Amino acid sequence: MNATQEQLKLKFEQALVAAFGPDLAGVDPILVAASNPKFGDYQANVALSLSKKLGKQPRAIASTIVEKLDVSEICEPPEIAGPGFINLKLKTAYLEAQLNAIQADPRLGIPTAKTPQREIVDFSSPNIAKEMHVGHLRSTIIGDSIARVLEFQGHDVLRLNHVGDWGTQFGMLIAYLREVYPEALTTANALDIGDLVTFYRKAKLRFDADEAFQETARQEVVKLQAGAEDTLHAWKLLCEQSRREFQVIYDLLNVSVIERGESFYNPLLAGVVEDLEKSGLLVENQGAKCVFVEGFTNREGEPLPLIVQKSDGGYNYATTDLAALRYRIQQDEAKRIIYVTDAGQANHFAQFIKVARKAGWVPDDVELVHVPFGLVLGEDGKKFKTRSGDTVRLRDLLDEAIVRFHELLETKIQEEGRNETEEFKAHVARVAGISAVKYADLSQNRTSNYIFSFDKMLSDKGNTAPYMLYVYARIQGISRKGGINFEELGDNAKVVLQHETELALAKYLLQLDEVINTVEQDLLPHRLCEYLYELSKKFNQFYDRDRGVQVLSAEEPLRTSRLVLCDLTAKTLKLGLSLLGIQVLERM
Ligand code: ARG
């Protein structure tokens with residue numbers, strides 16, 4: 001709900017009580033956006049819903065409500081339509097005043113959350129010594145955007161990178177490292193062991209082929225868990241190497257996230273199993289310690305346990321998540337924990353969360369949300385791969401987006417006969433290329449799969465980052481052309497709304513807070529993308545030579561007013577895009 005809707009709701013609540021007595025206090029006026037602009041802006045459906053309760057005709061109820069309804073400052077006189085809808089049309093003077101009010105506000109009139117709280121976003125979370133794949137890219141982009149929205153709303157956000165930096169695979173990696181780089185275990189310096197993914201593959205081959213090696217690997221796991229110095233040193237070396245590689249991607253994406261990997265919770269794992277034992281939830285099953293909760297079955301329909309300790313005594317992914325959950329509630333004092341991973345992990349989250357609840361570890365005021373997302377597919381609709389069939393390296397993918405945008409830009413610049421420096425082109429290509437990849441991901445409903453297409457995402461037409469960035473730059477172009485500094489229009493630059501495209505743009509500008517609120521609740525960034533796309537289109541209609549209005553050549557006071565609308569559109573785009581992790585360009 002936006003500020004206007006909230007005010008209207010209040011007025012309706014007062015009118016209902018005045019008309020039908022205190023019994024109706026708190027009745028929802030059922031205010032919705034009008035289905036068609038010719039009916040106005042909002043429609044209240046409460047008269048229909050009260051008909052039974054009051055034993056009266058909806059139209060009669062509607063007219064009693066309207067008699068008591070005092071919305072004259074906000075709306076034109078309400079009209080009753082059809083079976084008893086109450087139609088409301090916002091007054092132009094009201095819209096003008098609203099726009100004037102947000103103009104000088106860096107938050108564009110959007111209030112911060114009424115109850116700011118500590119929120120954790122668990123996102124990105126790649127695995128050490130393994131590839132950071134497109135799934136992690138999605139998690140990184142979506143998680144970052146969610147964190148940005150929550151931060152903007154004034155919440156105290158902890159961005160956590162739950163990297164997979166612990167587990168039995170390290171035995172194999174360390175044993176292999178000892179074989180091929182014996183010096184690495186004794187030198188204090190970081191060592192470049194080359195491409196970690198290749199290293200991982202070779203270690204795995206070695207592991208699969210040799211039983212003696214497998215035993216050595218197991219010994220390394222024991223030593224790692226016991227904290228043996230040289231083994232720990234090797235482990236750190238591997239982590240550092242991975243970290244450097246991940247950081248390249250985070251820098252390119254301009255994403256910040258605090259690493260708190262699985263290893264962090266290692267000392268707490270035994271406690272998790274002990275406490276589950278104490279609460280009587282633990283069951284031994286073929287030597288493994290498990291918890292059974294309702295609703296989870298395997299393919300054969302048999303109850304599926306959550307294993308928290310394997311028969312060899314080792315802990316696993318779920319144990320770590322349980323420990324992390326307790327730590328985040330107790331130590332971090334999180335009130336909402338948001339996990340951003342692929343939809344394939346939905347069961348894992350549902351199950352360990354259910355176990356935690358059953359164990360009584362989740363207070364009522366703590367919300368746990370899994371934010372799942374779909375797969376990234378190639379243009380053939382199959383799993384996303386390179387032409388040669390290999391998995392795509394994220395760095396290559398981002399670089400390619402930049403290179404391709406650079407080519408498009410070059411063509412455009414030549415066509416327009418412009419003269420631009422290499423530096424300018426490189427900067428624009430980098431910002432637009434990365435933005436295009438981010439936006440393509442965020443603009444899809446995250447729960448569905450999406451097809452990765454450079455051509456589509458880099459196009460300056462359609463719901464893409466380049467389209468929006470060009471609209472922003474075009475607005476800045478108006479200010480350059482007119483020799484106007486938007487910042488100097490002043491707080492008292494009056495808005496005057498006349499033309500229909502002006503009114504449509506103005507109303508839409510005032511809906512940003514509603515959109516941000518929904519994203520804060522449902523954690524679906526594509527709603528913000530839709531809004532920004534629609535806003536850009538509304539701006540283009542307003543600025544259209546035939547259908548829209550004159551701006552620089554208009555007479556005062558319209559000229560100034562229209563410049564304010566331009567400025568507000570640009571500011572709204574800039575703010576909205578920043579919440580998606582996208583930077584704007586003043587010129588491109
Ligand atoms: N490392 C995991 C993976 O690559 C994702 C971790 C997600 N976060 C969590 N708390 N389980 O699939």
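Helices and strands are runs assigned by DSSP, a helix having at least four residues and a strand at least two, and they are numbered from the N terminus. The model shown in these views is predicted.

View 1. The protein chain has 20 helices and 14 strands, and its C-alpha atoms fill a box of roughly 85 × 70 × 40 Å along the principal axes. Of the 588 residues in the protein chain, 37% are buried. The protein chain is divided into domain 1 (3-90), domain 2 (169-255), domain 3 (263-373), domain 4 (394-458) and domain 5 (465-579).

**View 2. The place where domain 2 and domain 4 meet.** The C-alpha centres of domain 2 and domain 4 lie 36 Å apart, and four residues of domain 2 are in contact with four residues of domain 4. On the side of domain 2 that touches domain 4, the residues divide into four nonpolar, no polar and no charged.

**View 3. The span of residues 6-90, which carries a UniProt annotation.** In an unreviewed entry, UniProt places the feature "domain: Arginyl tRNA synthetase N-terminal" at residues 6-90. In the predicted model this span is 41% helix and 15% strand, and its end C-alpha atoms lie 14 Å apart.

**View 4. The span of residues 126-136, listed by UniProt as a motif.** For residues 126-136, UniProt lists "short sequence motif: 'HIGH' region", again from an unreviewed entry. The span is 27% helix and 0% strand, and the C-alpha atoms at its ends lie 6 Å apart.

**View 5. The shell of residues around the ligand.** Which residues surround the ligand? They are D122, S125, P126, N127, H162, G164, D321, A324, Y339 and T341. Sorted by class, this shell has three nonpolar, five polar and two charged residues. Helix 11 (317-330) and strand 11 (336-342) each supply at least two residues of the shell.

View 6. The buried residues of helix 10, which covers residues 269-278, are L269, V272 and L276. Seen down the axis of helix 10, these buried residues fall within an arc of 55°, so they line one face of the helix. The face of helix 10 turned away from the buried side carries the exposed residues E274 and K278. Among the elements that cover the buried residues of helix 10 are strand 8 (282-285), strand 9 (288-291), strand 10 (306-309) and helix 11. Just after helix 10, G280 takes a positive phi of about 75°.

**View 7. L108 and A113, two residues of one loop.** L108 lies in the loop between helix 4 (92-103) and strand 5 (118-122), and A113 also has its place in the loop between helix 4 and strand 5. The phi of L108 is near 50°, which is a positive value in a residue other than glycine. Are L108 and A113 buried or partly exposed? L108 is buried, because 20 other C-beta atoms lie within 10 Å and the cut-off for a buried residue is 20 or more. A113 has 14 C-beta neighbours inside 10 Å and therefore counts as partly exposed. Leaving aside residues up to four places away in sequence, A113 touches Q153, G154 and H155. A113 and H155 are 42 residues apart in sequence, while the distance from C-alpha to C-alpha is 7.3 Å.

View 8. L523 lies in the loop between helix 18 (512-522) and helix 19. The phi of L523 is near 55°, a positive value in a residue other than glycine. L523 counts as buried because it has 21 C-beta neighbours inside 10 Å.

**View 9. The cis peptide bond at P557.** P557 has its place in the loop between helix 19 (526-542) and helix 20 (558-579). The peptide bond that joins E556 and P557 is cis, with an omega of about 5°.

Technical notes. Residues numbered from 1 in each chain as written. Predicted model: local features only at pLDDT ≥ 70, side-chain atom pairs only at ≥ 80, totals over all residues. Buried ≥ 20, exposed ≤ 12 C-beta atoms within 10 Å, placed from the backbone. UniProt positions renumbered as here; feature names shortened; annotations may be inferred. Near = placed C-beta within 6 Å. Nonpolar A, V, L, I, M, F, W, Y, C, P; charged D, E, K, R; others polar. Arc of directions from axis to C-beta. Contact = placed C-beta atoms within 7 Å. Domains from an automatic or database assignment.
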